[in-house]
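Reader: I am new to this structure and would like to learn how to read it. Could you take me through some features, giving the general idea before each case?

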Amino acid sequence: MQTTQTLWKEEYAGGSEQVERILIDGYARDILDIQRRIAQASNKSPDRTLHAKVIAGVMNARLSVSPDLPADLATGYFQPAASFTATIRFSNASPLHMPDTKADMRGAAIRVHIAEHEFHDFLMTNYPVSHARDAWQFMEVAKIATGSKRLMLIRFVLKFGLGETIRIIKNVRSGSRAIESIASEQFWSRAPLLWGAAGPVRYTLMPMATRNGRTPNITDPDDLANELGRRAASGDIRYTLAVQRYVNPEKTPIEDGSVEWRESDSPFIGVATVTIPAQDLGSAKALADRQKVDGMAFNPWNCPETFRPLGGLNRARKAVYGASAKGWLGRPAEGSGQNGRSR
């Protein structure tokens with residue numbers, strides 16, 4: 001009998017891996033063009049194409065695997081009660097360094113340090129689905145959104161059609177909002193990865209802190225950073241890392257990033273606790289760590305083979321994120337192309 005794990009499959013844009021590779025190489029060139037255009041418009045050196053402004057960066061976080069981890073989710077380094085140092089970067093999604101109180105999406109990047117020179121990057125945003133169904137749509141939206149504002153809506157409609165334009169705009173507007181605290185936000189992967197023999201999963205970072213109705217301080221451009229600093233000064237900040245299992249192509253698609261994997265179809269399973277220990281985020285050491293973290297390039301393909309990213313959006317991210325990182329770092333990113341044998 002076939003199991004859920006054997007029913008899923010990946011599909012390649014253009015019908016083959018070779019054709020998709022050509023398309024992705026074009027996307028990598030496109031992202032460099034976008035990066036240069038943003039730099040020229042802001043009269044600054046090239047920066048991250050997205051998630052430019054760091055909210056917080058810590059190098060002494062901890063990922064502690066659940067001692068009650070289900071047996072089929074125990075794979076590779078992810079074993080019951082295992083514990084690892086983690087580096088975390090929280091960010092605003094915009095390519096511009098805007099005040100924290102502006103409507104925007106937020107990002108979370110976690111690097112789990114498995115062993116010397118081996119790590120696993122988890123990348124998430126605080127909205128459960130992508131505005132883009134696939135890599136082509138993502139890049140076309142990026143090119144239009146970072147180009148001339150004149151007749152932008154018409155260009156969207158001509159490129160995607162009215163229905164898709166409405167869906168994309170609704171998605172972006174729903175995901176872009178002011179938030180009260182990074183500590184009380186949930187983040188989602190929005191694209192799946194392989195979890196060993198358990199098959200495809202999406203993952204999420206669920207806050208243990210609850211929202212308390214705090215009103216953002218619009219006079220403070222670093223409001224979220226300073227609010228998180230106040231929390232860290234008074235105690236640990238904790239999240240639950242959870243996964244959702246693949247169900248079927250309709251409810252939990254591999255290739256369509258715009259479809260939410262609903263909890264009613266695939267419940268969240270807690271697999272680890274992520275802890276930012278109590279500390280002074282304004283100390284000289286913490287500020288130096290934050291600067292180091294801000295210089296790191298995260299990529300979902302920084303991973304062991306057993307956690308290989310899945311789907312066209314992820315396959316494009318391998319090349320596009322690598323090209324973008326090289327554009328603003330001036331060199332290949334650490335781990336890019338070396339960490340994990342799926343590279």
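Author: Gladly! Let us begin with a pocket: the second largest pocket has a volume of about 220 Å³. Of its 11 lining residues, Y12, E17, W301, R315 and K318 are the closest to its centre. Please keep in mind that this is a predicted model, where local features need pLDDT of at least 70 and side-chain atom pairs count only at pLDDT 80 or more, while totals for chains, interfaces and linings use all residues. Residues are numbered from 1 along each chain as its sequence is written, and side-chain values use heavy atoms, with hydrogens and water left out.

Reader: How are a pocket, a cavity and their volumes defined?

Author: On a 1 Å grid over the protein atoms alone, a cavity is a set of points where a 1.4 Å probe fits but cannot get out, and a pocket is an open set with protein on both sides within 12 Å along at least five of seven lines; lining residues have an atom within 4 Å of a point. Grid points are joined across faces, edges and corners, and a volume is the space filled by probe spheres set on the points.

Reader: Which helix gives the largest share of the lining of the second largest pocket?

Author: Helices here are DSSP runs of H or I with at least four residues, strands are runs of E with at least two, and both are numbered from the N terminus. Helix 2 gives the largest share, four residues. Helix 2 (17–42) and helix 8 (312–329) each supply at least two. For classes, Ala, Val, Leu, Ile, Met, Phe, Trp, Tyr, Cys and Pro count as nonpolar, Asp, Glu, Lys and Arg as charged, and the others, Gly among them, as polar. This pocket's lining has three nonpolar, one polar and seven charged residues.

Reader: How many cavities of 30 Å³ or more are there?

Author: The count comes to three. The largest cavity holds about 70 Å³ of space. Of its 13 lining residues, A191, L193, Y203, P300 and N314 are the closest to its centre. Strand 4 gives the largest share of that lining, three residues. By class, the lining of the largest cavity divides into eight nonpolar, three polar and two charged residues. The second largest cavity, of about 60 Å³, has W188, R202 and Y203 among its lining residues.

Reader: Which strands pair with strand 7?

Author: Two strands pair if DSSP finds at least two bridges between them. Strand 7 (residues 200–207) pairs in the antiparallel sense with strand 5 (residues 187–188) over two bridges, and W188 has T204 as its bridge partner. Strand 6 (residues 193–194) also pairs with strand 7 in the antiparallel sense over two bridges, with L194 opposite P200. Strand 8 runs antiparallel to strand 7 and is joined to it by seven bridges; there L205 partners L241.

Reader: Is strand 7 mostly covered or mostly open?

Author: Buried means under 20% relative accessible area, exposed over 50%, and partly exposed in between (1.4 Å probe, protein chains only). Strand 7 is mostly covered, with six of its eight residues buried. By contrast, A145 counts as partly exposed because its relative accessibility is 31%; A145 lies in helix 3 (residues 135–145).
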